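Trainee: I would like to go through some labels used for this structure and see what each one rests on. Can we take them one at a time?

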Amino acid sequence: MEFINLTRHVEIGANSYAIKTAGKCILLDSGMHPTATGVEAQPNFDALSGQRVDMALLSHAHQDHVGSLPVFSRLMPEASVFMTAGTSSIAEVMLHNSVNVMLRQREDVGVEGYPLFTHRGVDLCAKQWRICPVNQPVSLDGERMSRNAANKDEPCFEFYDAGHILGSTGILLRSENKTLFYTGDVNYEDQTLLRGAVFPEESPDVLLMETTRGDAPLPEGFSRAAEEKRFGEAIREALNSNGYLLIPVFALGKTQEVLTMLWKFRKEGLLPPLPIYIGGLSSKITGIYDDFRNNTHRNHTGLRLFEELSPYVLAGPEAQNHTLRKDAIYLLSSGMMTEKTLSNVFARRVISDPESSIFLVGYSDPHSPAGKVRAAKPGENVLLDSKLPPVPLRCRLETFQFSAHASRESLIPQAIRLRPKKILLVHGDTGAVEWTRSTLKTALPETEVIIPEPGRWITL
C-alpha cells in the first residue's frame, strides 16, 4: 500500500491524497485552495502523471475538498467518484458557484486561465458520481458488498458519519489484509444542528488524520452550551445598541448552524422574531439541509430552517443597493470576508461605526480580510479590499468558537484509543501539524507518526 499527499504545501489547502493498493489507485478528495488562484489553487495532479486513477472517494463537499473535482474528472474520465447523497447535492451547487466566482475573478483581477472548468464541465463531471450511503461496504470494483464479505478482508471501502457538515464522512479502506482510516474533516462532539461523528471502533493499521485545530487549545472551562448562550446575549446587546450587526459565515455548514441557534434563541425567548438576511449561495445550501431534515444524523429532526425563520435572500443588484436595517441580523458569506463577497462589502459599511458590531464565528485564514479584522486593535486601519483604502476598526468586534472541526482535546484521545501502527497528519497549518505530531509521539511511542511530504510517494 502506497500513499501520496497531493497538497502543494503542509497546510489547509487543496486537500487531496492518493493510495495505490490491490492493483488500484484511489483518490481521496479533490479540493481547491481557498485563497490561491490558478494552477496553484489545485492539488498537484502532476504527481499522478502516467498513473491511472480507478476511483475517487469524497469525504464531503467543502471547496477545499471538492473544488477541483471537475479538473480531476477531465484528467481521469474513466474514474467513478463515490460520495454520499448529501455530498452530491451540495457539491453540485458548490461547483457551479465556483465557476461563477472564477468568471468574476477573471473579470475583476484578470486571473489568467480562468475558469479552470465550466458549467458544462461540472455537468459532465457529475455523470461520473455514484451515491453511496454510510455504513455500506463497497468493493474496489464499485459493487456493494454484504457485511460478511467485507469482514473477510476482501478489498473494499466504507463511509462513516463524520459529524462535520451534511453528508460528511470518514472513510475506511480495507485492502491487502490491512486497514486505513481517513477521518476527513471530523467533529466528535454535537454541534447545534448536526450530531457528532460515529466512527468505527476497530483500530486501523494506518490513521490519516486531520489536524486543523492542533495549535488552538480550548479555553479553560469551555462548553458549547455556554458559548451559545454568550452568543445569544451578545446578539441581543448588539441589536439594542442602535447599530448594525454583521455575522460573516461560510455558506455551507456555518450558515445552517447559526440559523439553528437563532431558531433556538427565539424558542427560548432570548431573541424576538426579527429579520435575518442571508446570501444566495447560503439560501441554496440551506434548502438542501431542509430537504435532508428527516434522514440526517442530526438534532432537531424535521426542522425546516426556511419555514421557521423565513430569512430574506440578498442577491444581485438588490444586495449591492440594500439599505441596512438596525433591527436585523446580516448572516452573510463568505466566512473569511473574501474580497467582493457580501460579508466583505457589508463590513466596509459597518466596521467604522462604534454602534455597530461584527461577530466572527468560524475559522479565518490569518491573511484573509476576516483574519486581518480578527488581529486588528481598536482604531487600527484594516485592508478589506486590495483596490480600496483601508478602514479603521471602530465597531464592536467579538469572536466565538463554533468550529465544525474536532478540537485537539478530542482528536488526541481518539488517536490514543485507536493506537494505530502509523498515523499520517494532514489538513493543518505547520504549527497545528507539529503540535499534534509532538503530542502523539509522546503519547504513543510505539506508533510511527508521519507528516507526509507533499508530492512524494511513501510505502505504508
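Mentor: We can, bearing in mind that this is a predicted model. Start with a cluster: F231, F265, F359, F400 and F402 are linked by ring pairs.

Trainee: What makes two rings a pair?

Mentor: Their centres must lie within 6.5 Å. By this rule the count comes to 17 aromatic pairs. One of them is Y17 with Y182, at 5.8 Å centre to centre and with 70 degrees between the planes.

Trainee: Why is the pair of Y17 and Y182 called edge-to-face?

Mentor: Planes over 60 degrees apart count as edge-to-face, and the planes of Y17 and Y182 are at 70 degrees. Y17 belongs to strand β2 (residues 17-21) and Y182 to strand β10, so the pair ties together parts 165 residues apart in sequence. Y17 and Y182 are both buried.

Trainee: What makes F231 and F400 an edge-to-face pair?

Mentor: The ring centres of F231 and F400 are 5.0 Å apart and the planes stand at 65 degrees, so the pair is edge-to-face. F231 is in helix α6 (residues 224-239), while F400 is in the loop between β19 (396-399) and α13 (408-418), so this pair joins parts 169 residues apart in sequence. F231 and F400 are both buried.

Trainee: Now the helices. Why are α7 and α8 called roughly perpendicular?

Mentor: The axes of helix α7 (residues 254-267) and helix α8 (residues 280-291) cross at roughly 70 degrees and come within 9 Å. The label covers angles of 65 to 115 degrees, and α7 and α8 are therefore roughly perpendicular to each other.

Trainee: Last, D205. How do you know whether D205 is buried or exposed?

Mentor: Buried means under 20% relative accessible area. D205 has 15% relative accessibility, so D205 counts as buried. D205 sits in the loop between β10 (178-182) and β11 (206-210).

Trainee: What makes D205 and T179 a polar contact?

Mentor: A polar atom of the D205 side chain lies 2.9 Å from the backbone nitrogen of T179, and the cut-off is 3.5 Å. Leaving aside neighbours within four places in sequence, D205 is in contact with N177, K178, T179, P420, K421 and K422.

Notes: Residues numbered from 1 in each chain as written. Predicted model: local features only at pLDDT ≥ 70, side-chain atom pairs only at ≥ 80, totals over all residues. Heavy atoms only, no water. Helix = DSSP H or I, 4+ residues; strand = E, 2+ residues; numbered from the N terminus. Buried < 20%, exposed > 50% of the residue type's maximum accessible area, 1.4 Å probe, protein only. Polar contact = N/O pair within 3.5 Å; in protein donor to acceptor, adjacent residues only side chain to side chain. Contact = heavy atoms within 4.5 Å. Axes fitted to C-alpha atoms, helices over the stretch in contact; angles between N-to-C directions. Parallel < 35°, antiparallel > 145°, perpendicular 65-115°, else oblique. Phe/Tyr/Trp six-rings, centres within 6.5 Å; stacked < 30°, edge-to-face > 60°.
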